Amino acid sequence: MAGDRHGTGSGSGYRTPPAVAESPDEMLARARRSQTDAGFSMVLGGEILHCWNGEAEYLVPVTDRLTQNSGFVHGAVIGACADNVCDWAAASLVGEALTANYTLHLLAPALGQQLRASATVIRSGRSQSVVRADVHIEDGRESKLVATALATIAHIQSRQEERVS
């Protein structure tokens, strides 16, 4: 199916998701509002750079509060970045969403100035999406892949619609 990499078009056996936002700017504004409503996301101090059409990107400046005893970014911070960016990527297709499960593979210690997490929806079905993420550490000169994740994201609106029906 040309142009339908998320498996949501007609003939795929999956419903077409509702219009979530009219434009990339509107979706980015919605994602940023959701971030300010989530206390834990505010602790990270990150900025959502992109959130549209099944993709998202998130930038988190590294501060001493986000490191562990050896000075590397704490693994839980890297996991939170992957979790958040996966959720936003799915939400850009389906509306409100919630992480049901994710697997994080820490590949290298993270030492640098900022974390950059990017996510892409691999498949979006009726009630959940599967999303992959990569997290890089950047120091101004280089970027190094430090983690990869695979997440299952539940569609909240689908669940609410099922209860009403």
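Two strands are taken to pair if DSSP finds at least two bridges between them. Helices (H or I, at least four residues) and strands (E, at least two) are DSSP runs, numbered from the N terminus. The model shown is predicted, so local features need pLDDT of at least 70 and side-chain atom pairs count only at pLDDT 80 or more, whereas totals for chains, interfaces and linings use all residues. Residues are numbered from 1 along each chain as its sequence is written, and side-chain values use heavy atoms, with hydrogens and water left out.

**View 1. Pairing of strands E2 and E4.** E2 and E4 run antiparallel and are joined by seven bridges. Proline 61 stands opposite glutamine 114 in E4.

**View 2. The hairpin of E1 and E2.** Five bridges connect these antiparallel strands. Isoleucine 48 stands opposite tyrosine 58 in E2. Two residues lie between the strands of this hairpin, in which asparagine 53 takes a positive phi near 55°.

**View 3. The pairings of strand E6.** E6 pairs in the antiparallel sense with E3 (residues 97–106) over nine bridges; here alanine 151 of E6 is the bridge partner of tyrosine 102. E5 and E6 also run antiparallel, joined by 11 bridges, and valine 130 stands opposite threonine 152 in E6. The hairpin of E5 and E6 has four residues between the strands, and glycine 140 there adopts a positive phi near 100°.

**View 4. Helix H3.** The end C-alpha atoms of H3 are 29 Å apart, which agrees with the 28 Å that its 20 residues should span at 1.5 Å a residue; the expected span is 1.5 Å times one less than the number of residues. Of these 20 residues, 17 are buried, where buried means under 20% relative accessible area, exposed over 50% and partly exposed in between (1.4 Å probe, protein chains only). Glycine 95 follows H3 and has a positive phi, near 90°.

**View 5. Surroundings of valine 135.** Contact means heavy atoms within 4.5 Å. Leaving aside neighbours within four places in sequence, valine 135 is in contact with Ile78, Ala82, Leu115, Arg116, Ala117, Lys144, Leu145, Val146 and Ala147.
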